[in-house]
Amino acid sequence: MPAIDVHDLVKRFGDKTVVDHVSMRVEQGEIVGFLGPNGSGKTTTIRLMCGLLTADGGGGEVLGYDLATDALRIKREVGYMTQRFSFYEDLTIAENLSFVARLYELKPAGEYVRRTLDDLGLTSRRNQLAGTLSGGWKQRLALAACIMHEPKLLLLDEPTAGVDSKARRDFWDEIHRLAADGLTVLVSTHYMDEAERCHRISYISYGKMLATGTVDEVVRDAGLTTFIVSGPRLETLAREIAKLPGVEQVAPFGATLHVVGSNAAALSASLRQLEEREGVRVAAGETSLEDVFIQFMADATDNMQ
Amino acid sequence: MNAVFSFARLGAMLIKEFIQMRRDRITFGMMLGVPLMQLVLFGYAINNDPKALPSALVSVSQDHYSRAMVSALETTGYYRFDHVVDSAAEAERLMARGEVVFVVTIPSDFARQVDRGGKAQILIEADATDPSVASGAISTLGTVAQQALTRERGMAAADPEGGLEVVVHRRYNPEGISQYNIVPGLLGVILQMTMVMMTAIALTRERERGTMENLLAMPASPLEIMLGKVLPYLVVGAVQVAVVLSAAKLLFGVPFIGSFTLLLSAVLIFVLALVLLGYTISTVARTQMQAMQLTFFFFLPSLLLSGFMFPYRGMPLWAQWLGEIFPLTHFLRVIRAVMLKGAELPAVAFETGVLGLFIFIYAGIALLRFRRTLD
């Protein structure tokens, strides 16, 4: 039984279709990254899957429970971490956790709270008001609160936004530890390095699922060719290259330019002319996930226009 | 697993609400401070028994009976004779301008009538536009005047025939209202103000702070959330009731004739209706600001049409019907009947029942309006 198996989910707000026939399948124990630009429908899709929103079309099962009829069971067995910190700022860490423990009817509540505080290294701050915590600690508290009832599926909505690198690293270590114990994780993010830490990724744009698979699969399926160009007066060169046929992206990376295009033949033909110039060197490069996403975004904008 | 109600989950809501209530110092202070402040302010400002009221004396004769009568009236403390005039017309003008509240007329044949043992009369005209102003002064009048006269004549008071007749004219508004209306009424008004306002922001606060999303993602049922939100305010209400009732007794000496148990039961039902009304408002309002506006939209008409400010019977029929939709109207009837008239349960059963009906109506609307999703 897959942890998430939904198909053709549709959600409209007014006449705007925010989620447009999105299907997703996530196996147990997988960490799946959910990517896409701002406003692409990631949050709405996650809310549909944890029963916080009702779908206008499509359906499916989460943890084997039907989305349409078993929303309450799903709520009980899913841990959902909201994008915005949504615990009580006027309660202490321990009070927030004990509120959650009681709400899930965990017995004895005090024992659960103590263990969770210990596991996440929050014991020393247990009596601090949640509102006075820094971003990283708030994130820890939120994660602690949504895994305390030992959910089978964790839905994380941009959990690391505004958190420093060290806290992000710790956070991802924790996620992998939990997944190793059999927990399924769906995590939305903007960060490429985080996407690469996932077993699989799904890319959504303007409510439509554009790509899904491992990072390598997504990069391969995108069918992009990348060259690395170096030479004198890089900025003038970049402007020149952008006008050549077959070139779709030109991005400076340090002393080199990444030149990306979907038509490999046209791209290499264009760049071969450049190679004849003094000091210009062209080498085959590896297409990165970021290149692929930039391409997706550019295509999506074209589609909208 | 019970999806609709569990005591453990309700407990979770209750504990959380109490902690938040305690942390929010200003609101907590308001909950205790506002009733006391309002009571003292209104209780003293709205004085039902004012003293030293400006009065005019119309007296043509200067005999010792008249002087005795005037000094007797002055010693009651209610009358302060600022004006001594010769003609009734002039006294009339003074009253019309509002310079005096009373005009006391001692007829020229007063002394002669007393000496003859006949029916001596004095006339007191009271400005009764605000009827409660004059009621204290008038109620003490008869006995004071009679005693003064008896002392002056040096004869036994038990003289049925040769009595003194005090003729009272209540001017402008011949029907007076009860003296102790204000303080029991204030209990209802204060409870309404704080209970509805505090609970009206119950859900909007969660929504504005973004905690609603989390609360809905967890397994709390609408019933648990509703009870968890409103029940803590029953405790606050109980404290307010204790404060107001003690003050009513100690500061204002409001008589308390009826059954205390009956009164408290009525208060409990009333408070429950109020907190549920507030909660219903919070299911409608999107922001705390809207909740406040809705509260006041409800508050003012209930104040004006419930019979707290103006006599209910004095309103036109349509306004009386409108007044019936406010819990305060029914509560005022119950509490005035129980506190002042000593009414027993059968006498107030209907009004109490109506209050109970509000509980079900409000709870029903609130539960129907509550959305378990963010749609």
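**A strand and its neighbours**

Modeller: Let us begin with a pairing in this predicted model: A:L155 has A:L186 in β8(A) as its bridge partner.

Colleague: What makes strand β7 (residues 153-157) of chain A and β8(A) a pair?

Modeller: Two strands pair if at least two bridges are found between them, and β7(A) and β8(A) are joined by five bridges, in the parallel sense. Strand β3 (residues 31-35) of chain A also runs parallel to β8(A), with five bridges between them, and there A:I31 has A:V185 as its bridge partner.

Colleague: Why is strand β8 (residues 184-189) of chain A called largely enclosed by the rest of the structure?

Modeller: A residue counts as buried if 20 or more other C-beta atoms lie within 10 Å of its own, and six of the six residues of β8(A) are buried, so the strand is largely enclosed.

Colleague: How do you know that both faces of β8(A) are covered?

Modeller: Side chains in a regular strand alternate between the two faces of the sheet. In β8(A), A:T184, A:L186 and A:S188 on one side are buried, as are A:V185, A:V187 and A:T189 on the other.

Colleague: Which elements make the right-handed β-α-β unit with β8(A)?

Modeller: They are β7(A) and helix α6 (residues 165-180) of chain A.

Colleague: How many residues of chain B are in contact with chain A?

Modeller: Taking C-beta atoms within 7 Å as contact, 24 residues of chain B touch 23 residues of chain A. On the side of chain B that touches chain A, α1(B) gives the most, with nine residues.

Note on methods:
Residues are numbered from 1 along each chain as its sequence is written. Chains are lettered from A and ligands numbered from 1 in the order in which they are written. This is a predicted model: local features need pLDDT of at least 70, side-chain atom pairs count only at pLDDT 80 or more; totals for chains, interfaces and linings use all residues. Two residues are in contact if their C-beta atoms, placed from the backbone, lie within 7 Å. Helices (H or I, at least four residues) and strands (E, at least two) are DSSP runs, numbered from the N terminus. A residue is buried if 20 or more other C-beta atoms lie within 10 Å of its own, exposed if 12 or fewer, and partly exposed in between; C-beta atoms are placed from the backbone. A crossover is right-handed if, with the strands pointing away from the viewer, the path from the first strand over the helix to the second runs clockwise.
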